[in-house]
Amino acid sequence: MKVWKASLSPKEKSLIQAVYVFESDKEERQLLPFYADGFPGIVFFHSEKPVTVYVGSESKIMDPVFVYGQTIEPIQIEIYGPFFFVMVQLFPALVEESFGIPAIELTNSCWTIPALDWSKEPGFRIAINEFSSSLASSVLIKFVLERGEKFRPDPILQVCIEEILKENGNCEIKKLSNKHGLSERTLQRRFQNYVGLTPKQFSTIIRFQSSLRELDGENKPKLTDVAYMNGYSDQSHFIRQFKSFTKEKPFRFREKI
C-alpha cells in the first residue's frame with residue numbers, strides 16, 4: 001500500500017488542514033487505523049468491494065463519499081484492493097456551516113453525502129473510471145472549496161485553535177480564554193458548537209498526536225522522554241491518556257509500527 005500527503009495552496013489551507021491518500025493496486029484486504037487528531041473530514045474512496053468502518057463494537061458499510069466527525073475512539077477502515085482512499089481533514093466549523101451537519105452529532109460517527117450532491121461533478125466518475133488517486137484528491141478538494149466558498153470562520157475560535165496547535169496542546173484553557181476576552185464557559189460553548197469537543201478535549205487530542213509523532217520518530221526515544229517532551233506530568237499520565245485513544249499501552253503500540 002502507498003500512502004502520500006497532497007500539497008495545498010494558501011486558499012485550500014484556509015479550509016483544509018491536510019489531505020492524505022491511501023492506495024493499492026493489489027487484490028488484498030487492508031485495515032486502515034485512525035486515531036483522534038482533532039479534525040473532522042471528508043472521504044472519497046473507490047473499491048470494487050464494500051468498505052466498512054469499525055468504531056468499537058459497531059460497524060457501518062460506507063458509500064463512496066462521506067463526512068466523519070471527531071474521533072475519540074480508535075477507528076478502522078476495512079477496504080479491499082485495488083482501491084484508493086482520499087481523506088481531507090477539514091477546519092472543524094466547516095462541517096456544520098457548509099455541509100449542514102451539526103459537529104457535535106458527528107463525534108465518533110460518519111454521515112453519507114448523497115450521490116446526488118457529488119455525482120454532478122464529472123471528476124468523481126472520471127477518477128473512478130481512470131482509477132486515479134491524484135484526480136480523486138483534486139476533485140475532492142474542489143468539492144470542499146465549492147461547499148466552503150461562503151464559509152467565514154469564527155476569528156477568535158480560529159486563533160484559539162491555532163494557538164493550541166502551535167503549543168502541541170500544552171495550553172491552559174483559562175489563560176487562553178482570558179487572553180481573548182472570553183469566559184471559560186463561553187469558549188467551551190463555542191468549541192462544542194463548532195468543533196464538537198471542549199477546548200480541553202481538543203488540547204488533549206493535539207498533545208496525544210504530538211506524542212504519537214515522537215513515538216513513531218526515527219530516534220525511538222524512551223517513553224519517559226516522550227512524556228516530558230509533551231507536557232505530561234509523568235509516564236503514568238502519558239500511558240493512561242495514550243491508552244484512552246488507542247486502547248493500547250505506548251510500548252505495545254510502538255512494537256506494531
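Predicted model: local features only at pLDDT ≥ 70, side-chain atom pairs only at ≥ 80, totals over all residues.

Q: What makes strand E2 largely enclosed by the rest of the structure?
A: A residue is buried when its relative accessible area is under 20%. In strand E2 (residues 16–24), 7 of the 9 residues are buried, so the strand is largely enclosed.

Q: How do you know that E2 pairs with strand E1 and with strand E9?
A: Pairing requires at least two bridges between the strands. Strand E1 (residues 2–5) and E2 have 4 bridges, in the antiparallel sense, while E2 and strand E9 (residues 83–90) have 8 bridges, also antiparallel. Glu23 of E2 stands opposite Lys2, and its bridge partner in E9 is Phe84.

Q: Why do strands E3 and E6 count as edges of their sheet?
A: The open sheet has 4 strands in the order E3-E8-E5-E6, with antiparallel pairing. Strand E3 (29–34) and strand E6 (58–62) each have a single partner strand, so one side of each is left without a neighbour in the sheet. From one strand to the next, the twist averages 20°.

Q: What makes E5 and E6 a pair?
A: At least two bridges are needed, and strand E5 (residues 51–55) joins E6 over 5 bridges in the antiparallel sense. One of the residues involved is Tyr54, whose bridge partner in E6 is Ser59.

Q: How many cavities of 30 Å³ or more are counted, and which classes of residue line the largest cavity?
A: The count is 1 cavity, and the largest has a volume of about 40 Å³. Its lining has 6 nonpolar, 2 polar and no charged residues; among the lining residues are Pro40, Gln70 and Val195.

Methods:
Residues numbered from 1 in each chain as written. Heavy atoms only, no water. Helix = DSSP H or I, 4+ residues; strand = E, 2+ residues; numbered from the N terminus. Axes fitted to C-alpha atoms, helices over the stretch in contact; angles between N-to-C directions. 1 Å grid on protein atoms, 1.4 Å probe; cavity = no way out; pocket = protein on both sides within 12 Å on 5 of 7 lines; lining within 4 Å. Points joined across faces, edges and corners; volume = space filled by probe spheres on them. Nonpolar A, V, L, I, M, F, W, Y, C, P; charged D, E, K, R; others polar. Buried < 20%, exposed > 50% of the residue type's maximum accessible area, 1.4 Å probe, protein only.
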